[in-house]
Amino acid sequence: MRLILTLSRPMKLFGQLDRTNSAAAGRELHRFAAELYPICRSITGDGIRQTLRLIQQRIPLQIIEVPSGTSVFDWTVPKEWNIKDAYIKDSSGQRVADFQKCNLHVLNYSVPIHATMPLSEIRAHLFTIPAHPDWIPYRTSYYKEDWGFCLSHNQLVALLDGAYEVCIDSSLADGSLTYGECFLPGQSSDEILISCHACHPSLANDNLSGLTVATALAKLLAECGSNLHYSYRFLFIPGTIGAITWLARNREAAARIRHGLVLTCLGDKAPFHYKKSRKGNALIDRAAAHVLSHLSEASEILEFSPYGYDERQYCSPGFNLEVGCLMRSVWDSFPEYHTSADNLNFIEPLRLAESLRACVTILDVLENNRRYRNLSPFCEPQLGRRGLYHSTGGDSIANEINARLWVLNLSDGTNSLLDIAERSGLPFSTILEAADLLRENGLLELVPEANVEEEVPAKVAHKNSVPNF
Ligand SMILES: [Zn+2]
């Protein structure tokens with residue numbers, strides 16, 4: 001049984017990505033983001049349905065509808081919102097704010113209105129960002145019925161006093177909440193959850209980057225077929241209410257989730273940030289920290305906090321799932337956040353591809369973390385005799401040989417490969433290759449257990465600023 005071959009296909013596709021392949025993968029991710037960008041999404045309605053149907057063309061996605069009014073824990077599935085048009089017209093009939101040009105112009109979830117009123121009356125319903133006068137803010141009013149428009153500050157100051165025609169051709173009525181679920185069965189019924197929100201309109205980093213990377217990841221894993229150890233569940237859901245709705249309807253499936261990642265803000269230039277699960281010392285936390293510490297770019301590990309994305313729900317005390325959040329820029333910490341400047345130019349193909357590779361590398365750790373026993377533990381076995389001590393690395397000991405020595409030394413049946421990778425400072429992939437080779441040469445045996453998931457004491461959050469290679 002060659003357990004360490006699981007996930008070998010994505011490892012070959014993305015773990016070993018050269019720049020050319022990264023560029024091609026990145027272009028495809030960015031192309032998909034561009035396809036999704038114009039759609040006016042919200043937490044319910046046709047925008048999220050249309051988005052899910054486009055994802056469904058790429059991966060086996062089940063689209064689920066949950067009726068408005070359904071109780072989900074302390075919440076209620078809201079009414080369905082749809083919109084055809086919205087504008088503010090001046091007295092000459094010219095649209096001074098036009099939903100058709102940019103869907104951010106309408107306060108998301110606005111109730112319908114069609115009236116003519118003086119600017120003084122409209123002002124209370126207008127939102128701008130004076131500090132960035134060219135940008136249009138993204139605002140919502142999900143749980144309070146209201147209407148409004150978002151403008152660039154320059155647009156607002158150019159408005160003359162007088163009467164304007166205000167029209168929001170929307171509907172807010174009983175319907176359903178829509179989410180997408182992609183389940184990929186593995187050898188084990190234990191699950192890994194990948195979750196991203198799909199409810200933001202034309203916003204690229206905070207929304208589309210997570211959607212496109214998650215879709216590509218699901219496609220890669222689907223190609224692995226039965227090679228996967230874990231079963232994988234991908235959720236494409238409206239933020240907050242979507243996660244709450246899924247958890248309320250899927251208590252049994254939630255109990256099978258062993259590890260998980262919320263994916264968001266993965267396309268901008270910022271270094272990676274990984275926010276730990278509520279437990280803080282879960283295997284996903286260690287795997288993510290390890291993988292990020294070996295990237296050529298800087299990264300930062302953040303402690304858990306009860307604010308953020310849907311890890312808030314997965315890590316609520318009743319569930320306390322081992323789910324962290326992988327992002328580049330952290331929500332609300334970059335000026336473009338929730339503005340029209342979070343557009344297709346703000347996300348870069350290569351950054352998206354690197355994010356996809358980081359996800360695959362983290363999953364590779366989870367899939368392949370095993371425990372071995374050294375079958376020749378009395379002094380070092382003679383590696384040279386087996387052709388395992390040759391090096392092309394000059395005088396210094398090559399990583400490959402070093403990894404073999406670490407694996408032999410620490411494989412006493414108690415240490416996992418991740419333990420060895422952490423202690424040796426070598427990448428998990430190098431340790432995995434060494435273990436594979438040593439086992440092929442009869443020096444190691446696999447400790448028979450389903451998986452290695454012991455917890456270790458929480459470590460202090462690290463700030464990795466020194467590239468390892
Ligand atoms: Zn957001």
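## Salt bridges across the chain

Arg258 has a relative accessible area of 26%, so the residue counts as partly exposed: the value lies between the 20% and 50% cut-offs. The model is predicted. Its salt bridges number 24.

Arg258 pairs with Asp190 through their side chains, at 3.3 Å from N to O. The two partners come from distant parts of the chain, 68 residues apart. Asp190 sits in the loop between strand 10 (176-184) and strand 11 (191-197), while Arg258 belongs to strand 13 (residues 257-263).

Another bridge joins Arg256 and Glu191, whose closest N and O atoms are 3.3 Å apart. Arg256 is in the loop between helix 8 (251-255) and strand 13, and Glu191 is in strand 11, so this bridge ties together parts 65 residues apart in sequence.

Lys269 and Glu348 also form a salt bridge, with 2.9 Å between the closest N and O atoms. Lys269 lies in the loop between strand 13 and strand 14 (272-275). Glu348 lies in the loop between strand 16 (323-327) and helix 11 (349-368). The pair therefore ties together parts that are 79 residues apart in sequence.

How exposed are the partners in these last two bridges? The table lists them.

| Residue | Relative accessibility | Class |
|---|---|---|
| Arg256 | 31% | partly exposed |
| Glu191 | 0% | buried |
| Lys269 | 56% | exposed |
| Glu348 | 21% | partly exposed |

Glu191 is buried because its 0% falls under the 20% cut-off. Lys269 is exposed because its 56% is over 50%.

Salt bridges also form a network, linking Glu28, Arg31, Glu35 and Arg58.

Terms used: Residues numbered from 1 in each chain as written. Predicted model: local features only at pLDDT ≥ 70, side-chain atom pairs only at ≥ 80, totals over all residues. Heavy atoms only, no water. Salt bridge = Lys/Arg side-chain N within 4 Å of Asp/Glu carboxyl O. Helix = DSSP H or I, 4+ residues; strand = E, 2+ residues; numbered from the N terminus. Buried < 20%, exposed > 50% of the residue type's maximum accessible area, 1.4 Å probe, protein only.
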